[in-house]
Amino acid sequence: MSRVRGPRRLSRLGHRAPAAVAVTVLSLTASGCVVVHGEREVLPATTPAEAARALEQFTAAYNRADRAYDSSLDADYVTGALGAIDAARLKAGRVNNPGGNSAHRPLTLTDARFTIPKKAGWPRWFVADAKGNKGGNVRWLLVFLRYDLGEKWKVAYLTLVAPGKVPEFKKDADGLAEAVPANTAELALAPRDMSRAYATYLQKGGETFAPGAHTTRWREVRAKNASRPGLARQYIDQPMTDGPFAPLALRTADGGALVFFTTRHYEKQTAAQGTTVPTPDKNVRALATGEIRQSLTMEFISNQVALAPPRSAGGSGGSQVSVLARVQGLTSARGE
């Protein structure tokens with residue numbers, strides 16, 4: 001995982017950032033096999049049997065890493081947003097519990113359903129939709145990808161979606177799904193523009209995204225907390241679109257797309273003159289550099305899954321993008 005450096009300064013905005021606590025997330029992946037005869041041939045990303053094996057291998061690696069609080073034990077099975085979040089979570093756990101995770105409860109993923117797109121070129125990827133024994137009554141959506149036939153499958157995205165919210169995907173006679181190009185003009189918002197549009201929305205608002213917990217209500221929480229006396233909060237939201245952070249999209253049965261995308265968020269807390277920043281929790285302290293006195297800057301990586309409707313015949317978007325779920329985690333902190 002590459003460390004992402006924070007901005008040199010933050011613009012002061014009237015919004016509230018996410019809570020300064022790492023959201024516990026999980027990872028998953030495995031190796032599979034697919035016969036490829038060149039970069040231009042349209043082929044299935046994998047087979048259902050290999051996808052199931054990838055899910056099993058991820059679960060085993062995640063449990064090993066979680067039990068020991070050792071990111072080296074699942075580093076070969078995570079990448080992108082999930083890789084960044086998972087590595088930070090395990091690092092904080094190891095700092096606070098050098099002997100390992102005494103509260104470890106093995107993860108199990110059951111009732112797995114695999115959506116495998118066919119596409120040309122790399123990366124190849126597929127989606128696993130499973131029921132987990134953690135997180136309540138939700139479906140776990142995990143996106144596996146790899147850039148070469150010899151690589152292990154790695155999970156780049158993990159989101160937890162309420163039952164019934166996972167859409168029906170468009171599939172061909174062989175049961176294969178359709179990967180949507182990042183630059184498609186067929187959607188109200190192209191996948192390649194999703195991350196930047198979301199970062200802009202969080203800063204300025206607008207009509208691109210439908211009201212909900214991860215849009216209007218998140219902005220309301222930011223605004224409320226920013227107005228509290230004695231502790232100024234500043235925020236910046238940034239798109240992440242390169243390499244394993246790139247968006248991935250599947251065509252839905254209605255002509256729209258389910259889009260997975262990543263963003264980076266910073267929150268800077270600055271205490272009033274003569275006071276200090278409230279003591280952060282132990283996970284923040286474990287990831288922090290510098291001495292936390294008058295200010296604390298936290299970096300979060302967040303991965304989202306959204307429904308983008310098809311573009312209307314008249315050329316306009318027709319309706320808003322709906323953010324179905326979001327999982328974020330604290331990845332670094334700096335005190336001053």
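**Close-up views of a predicted model**

At 0% relative accessibility, Y157 counts as buried, where buried means under 20% relative accessible area, exposed over 50% and partly exposed in between, using a 1.4 Å probe and protein chains only. This is a predicted model, in which local features need pLDDT of at least 70 and side-chain atom pairs count only at pLDDT 80 or more, while totals for chains, interfaces and linings use all residues. Residues are numbered from 1 along each chain as its sequence is written, and side-chain values use heavy atoms, with hydrogens and water left out.

View 1. Strand β10 covers residues 257-271; helices (H or I, at least four residues) and strands (E, at least two) are DSSP runs, numbered from the N terminus. Of the 15 residues in β10, 13 are buried. Two strands pair if DSSP finds at least two bridges between them. β10 pairs in the antiparallel sense with β8 (residues 231-240) over ten bridges, and with β12 (residues 295-308) over 14 bridges. On the β12 side, T262 stands opposite N303. Side chains in a regular strand alternate between the two faces of the sheet.

View 2. β8 is mostly covered, with eight of its ten residues buried. I236 stands opposite Y266 in β10, and P239 stands opposite T263 in β10.

**View 3. The hairpin of β9 and β10.** Strand β9 (residues 248-251) pairs with β10 in the antiparallel sense over four bridges. Here L248 stands opposite F260 in β10. Five residues lie between the two strands of this hairpin, and G255 takes a positive phi near 95°.

**View 4. Aromatic rings.** Rings of Phe, Tyr and Trp (its six-membered ring) pair if their centres lie within 6.5 Å; planes under 30 degrees apart count as stacked, over 60 as edge-to-face and the rest as tilted. How many aromatic pairs are there by this rule? The count comes to eight. In one of them, the ring centres of Y157 and F260 are 5.9 Å apart and the planes are at 40°, so the pair is tilted. This pair links distant parts of the chain, with Y157 in strand β6 (residues 154-161) and F260 in strand β10, 103 residues apart. F260 is buried, with a relative accessible area of 0%. Elsewhere, ring pairs link F114, F126, F144 and W153 into a cluster.

**View 5. Charges over rings.** A charge sits over a ring if NZ of Lys or CZ of Arg is within 6 Å of the ring centre and within 35 degrees of the ring normal. The charged end of R222 sits over the ring of Y235, 5.0 Å from its centre. For R326, the charged end sits over the ring of W218, 3.7 Å from its centre.

**View 6. Helices α1 and α2.** Helix α1 (residues 48-68) packs against helix α2 (residues 80-96) at an angle of about 30°, with their axes 9 Å apart. Axes are lines fitted to C-alpha atoms, for helices over the stretch in contact, and angles run from 0 to 180 degrees between N-to-C directions. α1 and α2 are therefore roughly parallel to each other (angles under 35 degrees count as roughly parallel, over 145 as roughly antiparallel, 65 to 115 as roughly perpendicular and the rest as oblique). Y62, A65, D66 and A68 in α1 meet D86, R89, L90 and R94 in α2, with contact meaning heavy atoms within 4.5 Å.
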